[in-house]
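Here's a quick tour for anyone meeting this structure for the first time. Have a look at the ligand and its surroundings, then at the salt bridges.

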Amino acid sequence: MKLPYAEPYKIKTVEKLYRSTLEEREKWIKEAKYNLFKLKSYQVFIDLLTDSGTGAMSDEQWAEMMRGDEAYAGSRSFELLYNTVKRLTGYEYLIPTHQGRGAEHVLFSVLVNEGDLVPGNMHFDTTKAHIEVRKGIPVDCTIDEAYDTSVYHPFKGNVDLNKLEKVFKENPREKIPLVLLTVTCNTAGGQPVSMENIRQVSALCKKYGIPLYFDAARFAENAYFIKKREHAYKDKTIKEIVREMFSYGDGMLMSAKKDGLVNIGGFIALKDRETYRKAIVPAIVYEGYLTYGGMAGRDMGALAVGLDEATEFDYLESRIRQVHYLGLRLMEMEVPVQQPIGGHAIYLDANRFVPTIPREQFRAQSLAVELYRVGGIRGVEIGAIMADRDPVTRENRFPKLELVRLAIPRRVYTDNHMNYVAEVLKMIYDTRHEAKTGYRIVYEPPILRHFSVELEKI
Ligand SMILES: Cc1ncc(COP(=O)(O)O)c(C=O)c1O
């Protein structure tokens with residue numbers, strides 16, 4: 001007998017949400033210059049801006065916060081984190097950092113030099129930036145299916161082995177300091193990488209003598225998809241799958257704000273002592289002493305507990321099924337979404353949703369603003385505004401996909417909130433033909449403009 005899924009926890013503390021009026025939201029979004037990043041959180045009813053650092057902690061995590069040992073060196077909280085990471089990943093060496101990009105900064109400081117290539121599966125923005133700051137070159141080797149939102153593939157985060165081997169063959173070994181595999185692949189829409197692909201990438205890396213690292217922010221969600229979609233793993237526990245995944249690599253970079261189930265934190269975990277010894281220098285210079293690295297003792301304790309909770313099947317089942325529940329409701333209503341639904345977010349396809357708004361008037365941003373105006377729901381534009389201008393011509397870049405991402409925080413909202421989101425979207429979808437105009441930019445910085453851009457309604 002297979003029982004239906006349900007959250008394996010009950011709610012002990014609640015946080016009040018303010019239900020604003022349409023008039024208030026119209027005033028606030030105008031004051032925010034139609035930039036959702038500029039809204040205050042009380043002005044938002046359901047906040048789907050990001051799943052990073054926005055999750056809810058458990059009573060066990062809060063208890064560990066109280067037990068936090070704040071000794072500068074050798075704290076009990078560090079020991080707890082060290083033992084947990086070692087047990088879950090098999091990696092021997094641990095360097096805590098303040099968050100994921102701190103880990104990127106430290107590791108790439110010792111591995112990446114000018115002109116180096118770092119192949120992977122669609123590196124995340126900050127990862128790419130850290131490689132480029134060091135004048136390295138991120139190389140995207142993701143399978144072609146990842147770029148077609150209408151085809152189904154169970155593991156759209158997979159690496160195309162031919163593309164990867166081509167990079168290995170055409171460049172000297174010393175120009176490729178590492179391969180970076182992002183699990184799940186955020187940029188492809190939270191799409192997983194299969195164990196088979198991880199194993200093959202690892203074998204290819206070994207053949208050419210190149211280390212393999214994981215960008216592991218959503219490693220537990222990746223393990224869930226392996227269990228559900230790769231037959232050989234259906235009877236394995238999530239912890240067994242996680243341990244096997246990491247066994248194929250040399251180390252990992254972690255943004256603990258996702259599958260660490262904490263609001264801040266990160267780390268590097270490594271197999272090899274040589275690399276660890278090199279990394280401790282920038283770690284101490286930029287992050288902090290080796291047994292805290294930018295985190296308070298209490299934060300390391302909460303993270304240790306969070307890592308164990310995030311690698312429990314029942315938790316993952318309710319987390320990912322909730323994301324899919326929203327996706328399926330939208331698909332039933334024929335609201336256009338990117339498929340298949342990934343692990344942490346729904347992506348609305350603005351090109352199909354509001355083709356009546358000219359691209360030059362930022363259709364995905366227009367849809368994101370409308371979702372806030374009508375329902376107080378905050379998502380984020382992943383389209384022409386985020387794509388910035390061409391650095392040479394200074395013309396706007398219009399990417400193939402114009403998306404609005406709705407990222408679902410972990411253990412925060414109920415399925416009823418998901419119903420609310422679906423119904424608001426249906427209301428907007430039913431009147432989509434009336435949308436004819438969008439926005440024009442009145443202020444923008446030279447790069448990363450989406451955070452501070454100011455817009456005006458046309
Ligand atoms: C795949 C991936 N890598 C790295 C990062 C950076 O982590 P942080 O935001 O903790 O600096 C993120 C953040 O969203 C991410 O999704």
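Asn186 has a polar side-chain atom sitting 2.9 Å from an oxygen atom of the ligand, which makes a polar contact (a pair of N or O atoms within 3.5 Å). Keep in mind that this is a predicted model, where local features need pLDDT of at least 70, side-chain atom pairs count only at pLDDT 80 or more, and totals for chains, interfaces and linings use all residues. Residues are numbered from 1 along each chain as its sequence is written, and side-chain values use heavy atoms, with hydrogens and water left out.

**Around the ligand**

- Arg218 also reaches the ligand, with a side-chain N or O atom 2.9 Å from one of the ligand's oxygen atoms.
- Gly100 uses its backbone instead: an N or O atom there lies 2.8 Å from a ligand oxygen.
- Taken alone, the ligand exposes 390 Å², and the protein buries 95% of that (areas come from the Shrake-Rupley method with a 1.4 Å probe).
- There are 13 residues around the ligand, and Gln99, Arg101, Asp215, Ser255 and Lys258 come nearest (a residue counts as near if one of its heavy atoms lies within 4 Å).
- By type, the shell splits into one nonpolar, six polar and six charged residues (Asp, Glu, Lys and Arg count as charged; Ala, Val, Leu, Ile, Met, Phe, Trp, Tyr, Cys and Pro as nonpolar; the others, Gly among them, as polar).
- Helix H4 (residues 100–111) gives the largest share of that shell, three residues (helices are DSSP runs of H or I, at least four residues, numbered from the N terminus).

**Salt bridges**

- The whole structure has 34 salt bridges (a side-chain nitrogen of Lys or Arg within 4 Å of a carboxyl oxygen of Asp or Glu).
- One of them joins Asp308 and Lys239 at 3.5 Å, N to O. Asp308 is in helix H11 (residues 297–310) and Lys239 in helix H9 (residues 238–247), so this pair ties together parts 69 residues apart in sequence.
- Arg321 pairs with Glu317, their closest N and O atoms being 3.1 Å apart. Both belong to helix H12 (residues 313–332), four residues apart, or about one turn of the helix.
- Glu444 and Arg449 meet at 2.8 Å, N to O. Arg449 is buried, at 0% relative accessible area, while Glu444 is partly exposed at 23% (buried is under 20%, exposed over 50%, partly exposed in between, with a 1.4 Å probe and protein chains only).
- A network of salt bridges links Asp51, Arg218, Glu221, Asp259, Arg319 and Arg410.

Notes:
A polar contact is a pair of N or O atoms within 3.5 Å; within protein, one must be able to donate a hydrogen and the other to accept it, and residues adjacent in sequence count only if both atoms are side-chain atoms. Helices (H or I, at least four residues) and strands (E, at least two) are DSSP runs, numbered from the N terminus.
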